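Have a look at the sequence and the 3D view, then read on.

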Amino acid sequence: MTTAHRAACVIGWPVEHSRSPLIHNYWLKRYGIAGEYRREAVRKEEFAAFIGTLAARGYVGANVTVPHKEAAFALSQPDEGGRAVGAVNTVWLDGNVLRSTNTDVEGFLDNLDACAPHWHRDAAKALVLGAGGAARAVIYGLLSRGVDKIVIANRTASRAEALQKAFGKHVQVAAWARLEAELADTGLLVNTTTLGMHGQPALALDLARLRRHATVADIVYVPVTTPLLAAAKARGLATADGLGMLLHQAVRGFALWFGKTPEVTGELRALVEADLETAT
Ligand code: ATR
């Protein structure tokens, strides 16, 4: 079998918190693939040497997490999505060439499609909160699906303006202080900030002005149901959570390294959710 004895890993510092081993080892077992997926704790100053010797270490590819995503971008051949985001989280060896991508883009879109299949019909305008790397992945993804108007709001306005310049005419900037006024014609609201994350303040936003058919997505996955998603559910709105995005973003790496496109099952979701609950 061509997939026998293949190994991949997640490279980070720290790396203990990563749920990627749980996800990929679930799939390896489920599909009976004789592969391995490990954690590799690698310091910033050692990353270039590590990624340059992946094959010698027995790896066919890797996930890359904090703080190495930009370095991985610079040290590999990124695809179009990776270039648009400026950071990558998945690398694989194609012969001697190290290729890369940012699977947060498809992770976000595939999860949205799975949770709210009609999101696009009602999303002539999307409102994206935040202006970090996750916001770049979300904005690139939404543009690739033809969303006509994307409004970015960020506490630090200059970062939102920089994204507007990078992505062009379909993207606009709104003032963080005027968020509620932006909701009335928003079809899709996406939180990419850390607000609502365990240990962080909740996002203070009254969703009353959102339309009945609007969809609310959050990239935060600890807790799985953030205060924002709870408020959206209470209003009966469609929601897409960060755990779903985390699971969907893992699909492509597994397919590239182990040769099988895996399924995001309810069983996998329950497994990771239980692990997240024990960690908080
Ligand atoms: P990532 O690259 O993972 O998206 P990041 O660059 O640290 O992470 O971005 C975190 C986002 O959360 C930013 O948009 C940040 O806003 P600033 O650019 O103003 O820092 C946002 N954020 C974090 N804490 C916040 C808070 N208390 N209020 C509002 N926004 C906050």
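P14 sits in the loop between strand 1 (7-12) and helix 1 (20-30); helices (H or I, at least four residues) and strands (E, at least two) here are DSSP runs, numbered from the N terminus. Another cis bond runs from V222 to P223, with omega near 5 degrees. P223 belongs to the loop between strand 11 (215-218) and helix 9 (227-234). As background, most peptide bonds are trans.

A quick word on what you're looking at: this is a predicted model, where local features need pLDDT of at least 70 and side-chain atom pairs count only at pLDDT 80 or more, while totals for chains, interfaces and linings use all residues. Residues are numbered from 1 along each chain as its sequence is written, and side-chain values use heavy atoms, with hydrogens and water left out.

Now for the ligand. Which residues come nearest to the ligand? Out of 13 around it, they are G133, N154, R155, T156 and R159; being near means having a heavy atom within 4 Å. That shell is made up of four nonpolar, seven polar and two charged residues. In this sorting, Ala, Val, Leu, Ile, Met, Phe, Trp, Tyr, Cys and Pro count as nonpolar, Asp, Glu, Lys and Arg as charged, and the others, Gly among them, as polar.

| Residue | Atom on the protein side | Distance to a ligand oxygen |
|---|---|---|
| G133 | backbone N or O | 2.7 Å |
| A134 | backbone N or O | 3.2 Å |
| R159 | polar side-chain atom | 2.8 Å |

On its own, the ligand has 650 Å² of accessible area, and the protein covers 70% of that (Shrake-Rupley method, 1.4 Å probe).

Where does the ligand sit? The space it takes is the largest pocket, judged by more than half of its atoms lying within 2 Å of the grid points. A pocket is an open set of points on a 1 Å grid over the protein atoms alone, with protein on both sides within 12 Å along at least five of seven lines; a cavity is a set where a 1.4 Å probe fits but cannot get out, and lining residues have an atom within 4 Å of a point.

This pocket has a volume of about 1,400 Å³, volume being the space filled by probe spheres set on the points. Its lining counts 48 residues, with V66, K69, A134, M197 and I219 nearest the centre. Helix 10 (242-249) is among the elements that supply at least two lining residues, and its four residues are the largest share.

There is also one cavity of 30 Å³ or more, and the largest cavity has a volume of about 40 Å³. Its lining includes F108, N111, L112, D218 and M245. Helix 5 (104-115), strand 11 and helix 10 each bring at least two residues to that lining, and helix 5 gives the most, with three.

Notes: Polar contact = N/O pair within 3.5 Å; in protein donor to acceptor, adjacent residues only side chain to side chain.
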